Structures are given as structure tokens and as C-alpha cells.
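Hi,

My notes follow below it.

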Amino acid sequence: VPLRCKLMRAELLSNARLWATASTTTRPAEQATVPATAGSESGLRLARFAGSAFAALGSTSQAKAAAKTGRLAVNGQLAEPARLLVAGDEVTLSGGRALPSALQDPKQVAARAAALEHDGFRIWFEDDELAVVHKPAGVHSKPYRGARHLEAALPALLGPPCRSTVDALPAPSAVHRLDCRVCGLILVAKTRGAAAFLAGELAARRVTKRYRALLAGGIGGGGDPFEVREAVGGRPSLSIFKSIEATPHLQLGQLTTADLEPRTGRRHQLRLHAAALGAPILGDDLYGAPSGGGAGASLYLQSTEVRVAHPSGGGAAAVHVTAPEAARFARRRERARMGWEWERRHSGRRAGDIRMVEWGGRREGGARSHEIGRGAARSAAVAM
């Protein structure tokens, strides 16, 4: 059950104002000296050094943001994130916590939050350090070319950390992304410490993420999980696929309801791996299976489970959230089933003549791994 479904407009505005007020709180400037072991020949750049040297930043991305807002200086002079450092350089982090310009008007933030809630935003877990929220389809996770995005509404939807928290972020930050057309669970950090910890867990592949998908075709497997290994962008990639249910479909042969688990984090990894199996995700007009909803229609792909250790460590329980699949998945299966049944009854053919299609590359001898080359992936996508 979601922790919270909807807030009143007054509560949204109150939250936005609390974050805006907290962002004006300043802390003493901090300094760090580049050690003698570092030099220009090593390519040590300001953002990388500051992200590890200052606990208040905690990551390279936060250090880049600090530099771009004039909070990082080298030897007393403001510097760009890519500035090369040499041994002995003095790096200073000023105490201000700049609030992004898009979040400076609490009324606008509250209005964006109300619209997001209308589209299905939900909070599944929240404490002073992090939150797990449901991002609706059609919304970017991060700022992108002026388009609507999740972070522009989060200050009104999430409460700020308690006043004693010294490393609170200026605003809540999504620590990983979901494609704009994908809905589901996403991790949000509220403190710099949590942001750094979660980024480290993601990099070390210690975060469990599971997705529910409708696939345009069969994938075999007999309900047992199996591996898909297909390079993405020239980099090794691994996903786990498991068929949950097969539904007959007149045009596609069958729809497969499947659970997908990415073990690596490449761009469009699950979409490419599904296409490589010859069963692209329904709604994926880029890799071969449009849903008929027109350009920009949402994918039948949803993040339904996330599990991660809590940043506070110690005896704190891991954060583990599971969410049910969206209702549109069941509606699409039922629509396919009804169409198949209607055709069977009215065409004069036996049910066996309208057969469900199994993926042609069924594994032999009980093997549990698919090795698919780039050429096969491309041809599968084109065939769809």
C-alpha cells in the first residue's frame, strides 16, 4: 500500500516553502588541499576531487552542480568543474545551498506537484534521508530540455529532512533514471550522504531492480528465469528474463507477461535485450513493437520492485518496495484474449489453428543463457 497517495494543495505549498527556506541556510566554508600525489599528469579534475574531498557534496555530480552555481573555488578563484588540479591547489567549498531556479517559486512547484499526483504519482517509502516514489509515464526523471520532469515537483511532494540534518540537499534528487515513457519505482535522495551512498550502491550493482513488461511474442523458458547476454553500446550487459503468463494475440501470436531484472545498467538495456529475443516490449516503436497508441505512447514496461541497503547502515533494515503492475497491463491482456476468442468463434476455425507462437530460439538441453550477437539483435528488431 502506498505510504501516501495525495496531499491537499495547501500541504504541497507548505512542503515547497519548507524546502525553499531550508535552502537559504548556510554553513561554514570548507577547504581541502590537493595532495602531493596528485598532479595535472593524472588528469585530476575539480569535480572529481571535490566530490570525494567534501562530505557535504559526496559525489562528482553534486560537485559539478556546486561549481556551476559558483560554490567551488581554486586558489580563491571560481573554477569550472573540468578544471585540472595540481598538487598544493587549495579548493574551497562555500556554505551556500543554491536552490535551482525552477524551484524558487513555491507556488509553481506546488502546481507541478498537483499535476503529477493527478497523473498517478505515489510515495511508497519516505524518511529523512531518502524516498521511493512512483514516477508516472510521460515524465522525465531529471531536467531535460525544458520538458516536464519529476524533480521539478519533488519539493512539494516530499517533506524536508529535520532541521538538525547538516547535509540536506537543496531539493530532493532522483539517483537513477527511468525513460520518460516508463513508469514505476525510482529512488530519491534527500541528503548528500544518501545521494553518495545510493550512487555507490548502484555503481557496485548492489541495488535490486525488477520490471514488469508485456512482450510482443514468446520467449520460451517454461517459466524459469534465464540470462540474456547482449552487448549494449559495445559494453557487456546482462539481464534476467522470466515468463509469467502467455496470452494469445491475433496479430502477434502471443503477448508474454514477463519479469525483467537488469544486472547491468546500460541505456535502453531491457528494450534491446527483449528485441534481441525477437519479442520487443509492447509500445517500443524504437526497437520494433508499436502499441498502436501513436508516437510517444507509453511503453508496457514498469519498475515494480526495488531493494537497497539503508544509508544509515548499522541495524537499519534494507529498503524493499514492491508495487503491483499498472491496471493497463491487465486491460491489454484481456483485450488480446477477447479478440482471439472472437476470431476463434466467428471464423469457423478450431482454436488450434490460431496458434500461439513460441520464440524460435528455444534453449536446448536445459541451458539457462542466451548468447545473441549484434546481427541477430538487429535482424530481430527489423523483423518486428
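Start with Glu 30: its bridge partner in E4 is Leu 93. Strands, labelled E, are DSSP runs of at least two residues, numbered from the N terminus. E1 and E4 (residues 90-93) pair in the antiparallel sense over four bridges; pairing takes at least two DSSP bridges between the strands.

Two notes on the source. This is a predicted model, in which local features need pLDDT of at least 70, side-chain atom pairs count only at pLDDT 80 or more, and totals for chains, interfaces and linings use all residues. Residues are numbered from 1 along each chain as its sequence is written, and side-chain values use heavy atoms, with hydrogens and water left out.

The E1/E4 pair belongs to an open sheet of four strands, ordered E1-E4-E2-E3 with antiparallel pairing. E1 (30-33) and E3 (77-78) are the edges; each has a single partner strand, so one side of each lacks a neighbour in the sheet.

Next, Lys 209, in strand E9 (residues 208-216). Lys 209 is buried yet has no salt bridge. Buried means under 20% relative accessible area (1.4 Å probe, protein chains only). A salt bridge needs a side-chain nitrogen of Lys or Arg within 4 Å of a carboxyl oxygen of Asp or Glu. The nearest side chain of opposite charge, Glu 261, is 10 Å away.

Last, Arg 181, in the loop between E7 (168-174) and E8 (183-191). Arg 181 is buried too, at 17% relative accessible area. Its side chain reaches the backbone oxygen of Gly 283 at 2.4 Å.

Best wishes

Conventions. Buried < 20%, exposed > 50% of the residue type's maximum accessible area, 1.4 Å probe, protein only. Lys, Arg positive; Asp, Glu negative; His and termini not counted. Polar contact = N/O pair within 3.5 Å; in protein donor to acceptor, adjacent residues only side chain to side chain.
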